[in-house]
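Trainee: I'm new to this one. Could you walk me through it, one question at a time?

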Amino acid sequence: MIHEIITQHVAPDKRDEYIQVFGDILKKANYPGSHAIKFFTSIEDPSRVILLMESDSVEAHTQHRGTPTHNAMREATARYQTQKSDGGHFFLHEVK
């Protein structure tokens with residue numbers, strides 16, 4: 001299992017709308033190999049949003065890039081973003 005973690009910046013007054021729109025698109029896309037979608041909103045910086053997506057592998061996560069569904073998602077969400085997203089793929093190491 002891998003996690004894609006992306007830091008995004010959106011207009012604070014559009015943040016909740018952005019999460020709703022982006023979340024709905026991701027749920028409907030139902031990308032193969034994708035298991036969980038979580039959004040985290042910053043308390044200190046209301047424009048900052050963290051997106052966490054769990055996938056089987058990097059390949060499972062990236063196989064949909066460039067498809068019409070993915071391109072439509074990027075177009076629909078880009079209008080909310082005030083800066084370029086920053087992120088990558090990560091393995092989870094839990095401390096128990």
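Mentor: Two strands pair if DSSP finds at least two bridges between them, and helices (H or I, at least four residues) and strands (E, at least two) are DSSP runs numbered from the N terminus. This is a predicted model, where local features need pLDDT of at least 70, side-chain atom pairs count only at pLDDT 80 or more, and totals for chains, interfaces and linings use all residues. Residues are numbered from 1 along each chain as its sequence is written, and side-chain values use heavy atoms, with hydrogens and water left out.

Trainee: How many bridges join β1 to β4?

Mentor: β1 and β4 run antiparallel. In that pairing, T7 has D86 of β4 as its bridge partner. The number of bridges joining β1 to β4 is five.

Trainee: And which residue in β3 does I5 stand opposite?

Mentor: β1 and β3 run antiparallel too, joined by eight bridges. Within β3, the residue opposite I5 is L52.

Trainee: How many of the eight residues of β1 are buried?

Mentor: Buried means under 20% relative accessible area, exposed means over 50%, and partly exposed is in between (1.4 Å probe, protein chains only). By that scale β1 is mostly covered. Of its eight residues, the buried ones number seven.

Trainee: Is H70 buried or exposed?

Mentor: H70 sits in helix α3. Contact here means heavy atoms within 4.5 Å, and leaving out residues up to four places away in sequence, H70 touches Y31, H64 and R65. Its relative accessibility is 8%, so H70 counts as buried.

Trainee: What about H93, buried or exposed?

Mentor: You'll find H93 in the segment after β4 (86-90). H93 and T82 are eleven residues apart in sequence, yet their C-alpha atoms are 31 Å apart in space. With 69% relative accessibility, H93 counts as exposed.

Trainee: How far apart in space are E59 and T77?

Mentor: E59 belongs to helix α2 (residues 58-62), and at a relative accessible area of 57% it is exposed. E59 and T77 are 18 residues apart in sequence. From C-alpha to C-alpha, the distance between E59 and T77 is 23 Å.

Trainee: Why is the pair of Y18 and F22 called tilted?

Mentor: Rings of Phe, Tyr and Trp (its six-membered ring) pair if their centres lie within 6.5 Å; planes under 30 degrees apart count as stacked, over 60 as edge-to-face and the rest as tilted. The structure holds three aromatic pairs. For Y18 and F22, the ring centres are 5.5 Å apart and the planes lie at 55°, so the pair is tilted.

Trainee: Which element gives the largest share of the lining of the largest pocket?

Mentor: On a 1 Å grid over the protein atoms alone, a pocket is an open set of points where a 1.4 Å probe fits, with protein on both sides within 12 Å along at least five of seven lines, and lining residues have an atom within 4 Å of a point. Of the 21 residues lining the largest pocket, those closest to its centre are E4, I6, H70, R74 and S85. Elements giving two or more residues to this lining include β1 (2-9), α1 (15-29) and β3 (48-55). The largest share, five residues, comes from α3.
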